[in-house]
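This report describes a protein model, beginning with a charged pair and moving on to domains, chain dimensions and backbone geometry. Please consult the sequence and structure shown below while reading.

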Amino acid sequence: MNKIRTALVAGVFAATASLGFSSANAAGDAVHPPEHHWSFSGLFGTYDRAALRRGFEVYKGVCAGCHGLRLVAYRNLMDIGFTEDEVKAIAAEVDVPAEPNEDGEIEDRPGIPADKFKSPFANENAARAGNNGALPPDLSLIIKARHNGANYLNALLTGYKDAPVDKKVPDGMYYNTYFPGQLIAMAPPLSDEGVDYADKTKATVKQQAEDVVTFLTWAAQPELEERKRTGIKVILFLLLLTGLLYVVKRRIWADVH
Amino acid sequence: MAQFQKPGWLENGLVRWVDHRLPIFTFVSHELYEYPTPRNLNYWWNFGSLAGIILVIMIVTGITLAMHYTPHTAMAFDSVERIMRDVNYGWLIRYIHMNGASMFFIIVYIHMFRGLYFGSYKAPREILWMLGVVILLLMMATAFMGYVLPWGQMSFWGATVITNLFSAIPLVGDYIVTLLWGGFAVDNPTLARFFSLHYLMPFVIVGVVVMHIWALHVHGSNNPIGIDTKGEQDVIPFHPYYTVKDMFGLGVFLVFFSLFIFFAPDYLGHPDNYIEANPLSTPAHIVPEWYFLPFYAILRAVPANFIGEWSTAWMGFILIEAKLAGVLAMFGSIAVLFVLPWLDRSPVRSSRFRPMYKWFFWIFLIDCLVLGYVGAKPAEGVYIAIGRIATIWYFAHFLVIIPLLAKFEKTKDLPKSISEPVLGGGGGSASAAASKPMEKA
C-alpha cells in the first residue's frame, strides 16, 4: 500500500507542479472574463450543431467583412452539418484567382469547396489601410491564441462600455475592459437583430456572441469531438490494462513479499 | 526465493546457432534474466524506464511529424496546422509529441530528484550520474529547438532571446550567434538548421542513454536504503519482477499523459504560439516552456553591474557583463550537478539515514519550484528579490550546505543488509524468511 501511495504522490506532484507553472503564465492587465458553460467544454463536450450553424451566419454576416478564416476550407463546413450543395453555393459566392489560362493570363473563377475561406484583404497593408491603421487578426486560431479563449472572446464581444470619465478614448478607438490596455480599434461588432438567423432564433447580442464563439472554437479545434471521444476510449482501456498489470505484478511478486 | 535462471529459449537450436556467432541472446539473458536488482526498489525507481519509453515515443511521433512538416519560415506554421487539420490522426501525433516533451521533463526531473534523495550519484555511480546530466543538457537543447519549429510567436521570440545569450561570451560570442542564426537575425536559415539538429539530437541522446544504462549495469541500481547488496538474499532478477512493475507504472503514467493529450492538449503551452511568428511584433512577455522556467529565473536573477563591479575589482582587466554573468549562472546551475558527487562526501547515500540532509532536500525541491514560479513572472517588483534569494539558495545548497553536512551531520545507523529490513529484520535466517510467501500489507 505504501508503494502505491508513493506512486500517487508522484503523480499528484507532477500534476500540481505543471498546473502551478502553467497558470503562472497568465499575464496582462485586462479584466478576467467570466466563466460560461459551453456545449464543447467538459470530458464529453460536443459542439451544439445549431449554434455552429448560427455562428457561421454571424461570422459570414458580421466578422468576415474584416477578419479572415484562412486555415478553414469551405469543405470543412460539411463536417458540421452543411450539405454538399449548401457548401458549393457558399464557396461560389467568392471569386478566387484561377490557374493561368492558355494565354497565360490569370482570371478569377468562383470558389469551390476545396478552397480555403477567402480573406477580406489581399495583404496586411490593405487590411490596415481599410481599418484606420489597425490589423484585424485572422480568426482561424483565435480561440487557441488567447488565454481562456472562448470565455475571453465571449466577454470581449459583449463587454463594450462607456469609458470612465478620466480615461481618454482617442478617435477610432473603443473602450473594452476585457481587452489588454482597454482600448480596442474594433467598433462594437454585434447589435441586436444584427443578423437574421435562418432558424428564427432571436438574435440578441448575447446569443450572437455565444454562437460565433462556438463556431470559432470549432474553426480552431475541428478535431475536438473526435479527440474527446477517442480520449474516453483510450483512458478506459488504459485503466483496465493498468488494473490487470497490477494484478499480474502482485502475483509475480507474491514470492518476494 | 527468486530464481536466477537462464531462459529456456537459450537452448533452442536456432537461437544457439545465432548466439554462437552474435551473442545477442546471451546478452539479453544476462542483462534481463540474470541481472541482479535490489529487491527493495520503490516506485520512484520506475522513472528511469519511463524516461526511456517516452524517448522512444518522442522519436516515433517526431519522425512521423517530420514527414508532413515544412521547415521554411513561410510554410512552417501552416504545415503544422495542416497536420492538425488534414493529416490522418495528425492532431493526435502532434499532441502526443508536444505534450510528450513536457512529460519527458516531468519524468526526468522526478528521476533526478530521486537520485538526489537516495544519493544515487555517489561512488561507484559518479559517471552514471554525470551521463545523466549530459542527457539533461541534450534534452534541453533538443526541446528548445523543437519549440522553434512551429514558428509561432513564442517560437520566434524564444529563439531570439536564447540565441542572443551566446553573444555574451567574450571575443567569439557574436561569431557564435551568427553561426547559430545562419545570418544576422533569426530567420529561415535558423529554422532549417534547428530542424536538422532537432532531428539529429534525439539519436545522440539514445547513444548517451545506452552508456547511461551500461554504467548502471556495472554496479546495478542503488536502492532506497542506499547500502550495497550483499548476496543472493538482497537481489531479484530484473525480469520478470521489474519488467512487470515497470509495465504497471507505465500504465499509470499513460493515463496521466492521456489526460493532457485528449482533454487539455494546449494546457502546458503558450497561446501566443498559435500566432504566426512576426519579427515586427514582440509579445508582451516572452516566457519559455515551463520546464525551463527555473533556469530562466536564474538567468534573470543576476543584477546588472553587480558581478561586473565585483569582477572588475578582483580581476582588474576582465569585465564581465551582467548578461554574461546571468548566462554563467544559468549554465553553472547545471554544471554544479556534474561535480555533485565530489561536493557530497558523506558516505551515507540514502536520506533515510541522513536526518538533516533530508530536510535540506525538501527545501531545495521547494526552492526549485519557487524558481519556476518566478521564471513565469515578469522580472519586476518582488519577483526580482524572490528570484535572487532562490538563486542564491540554489547554489548555496550545493556549494555550502552539502559539503558542510558531509562534515557535521550525524547520520543514523545503517542496516546490515537489504534483506534484513525488508523481511521484518531481527531474528531468523534471511533465506528461510524469504522462501515463505508473505501477504502484502
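## A salt bridge in chain A

In this predicted model, A:Arg49 forms a salt bridge with A:Glu225, and the closest N and O atoms of the two are 3.0 Å apart. A salt bridge is defined here as a side-chain nitrogen of Lys or Arg within 4 Å of a carboxyl oxygen of Asp or Glu. Side chains of opposite charge can pair when their charged atoms come close.

Over all chains, the structure holds 20 salt bridges. The pair described above links distant parts of the chain: A:Arg49 belongs to helix H2 (residues 49-61) of chain A and A:Glu225 to helix H7 (residues 224-253) of chain A, 176 residues apart. Helices (H or I, at least four residues) and strands (E, at least two) are DSSP runs, numbered from the N terminus.

## The two domains of chain A

Chain A is divided into domain 1 (47-72 + 116-222) and domain 2 (223-257), with bounds that come from an automatic or database domain assignment. Their C-alpha centres lie 43 Å apart. Each domain gives 4 residues to the contact, where contact means heavy atoms within 4.5 Å.

The area buried between domain 1 and domain 2 of chain A is about 430 Å², with carbon and sulfur atoms giving 36% of it. Buried area is the accessible area (1.4 Å probe) that two parts lose on being put together, summed over both. In domain 1 of chain A, the residues that lose the most area to domain 2 are A:Tyr47, A:Gln221 and A:Pro222, together 82% of what that side buries. Across this interface the rule finds 1 salt bridge.

## Dimensions of chain B

Chain B has 18 helices and 2 strands. Its radius of gyration is 25 Å, close to the 22 Å that the globule rule gives for 441 residues, so chain B is as compact as a globular protein of that length. The radius is taken over C-alpha atoms, and the globule rule is 2.2 Å times the number of residues to the power 0.38. Along its principal axes, the C-alpha trace of chain B spans about 75 × 60 × 45 Å.

## Backbone geometry

Most residues other than glycine have a negative phi, and most peptide bonds are trans. In chain B, the peptide bond from B:Ala123 to B:Pro124 is cis, with omega near 5°; B:Pro124 lies in the loop between helix H5 (90-118) and helix H6 (126-148). The bond from B:His239 to B:Pro240 is also cis, with omega near 10°, and B:Pro240 lies in helix H10 (residues 238-263) of chain B.

A:Glu193 is not a glycine, yet has a positive phi of about 60°. This residue is found in the loop between strand S4 (183-184) and helix H6 (205-220) of chain A.

## Conventions

Residues are numbered from 1 along each chain as its sequence is written, and chains are lettered from A and ligands numbered from 1 in the order in which they are written. In this predicted model, local features need pLDDT of at least 70, side-chain atom pairs count only at pLDDT 80 or more, and totals for chains, interfaces and linings use all residues, while side-chain values use heavy atoms, with hydrogens and water left out.
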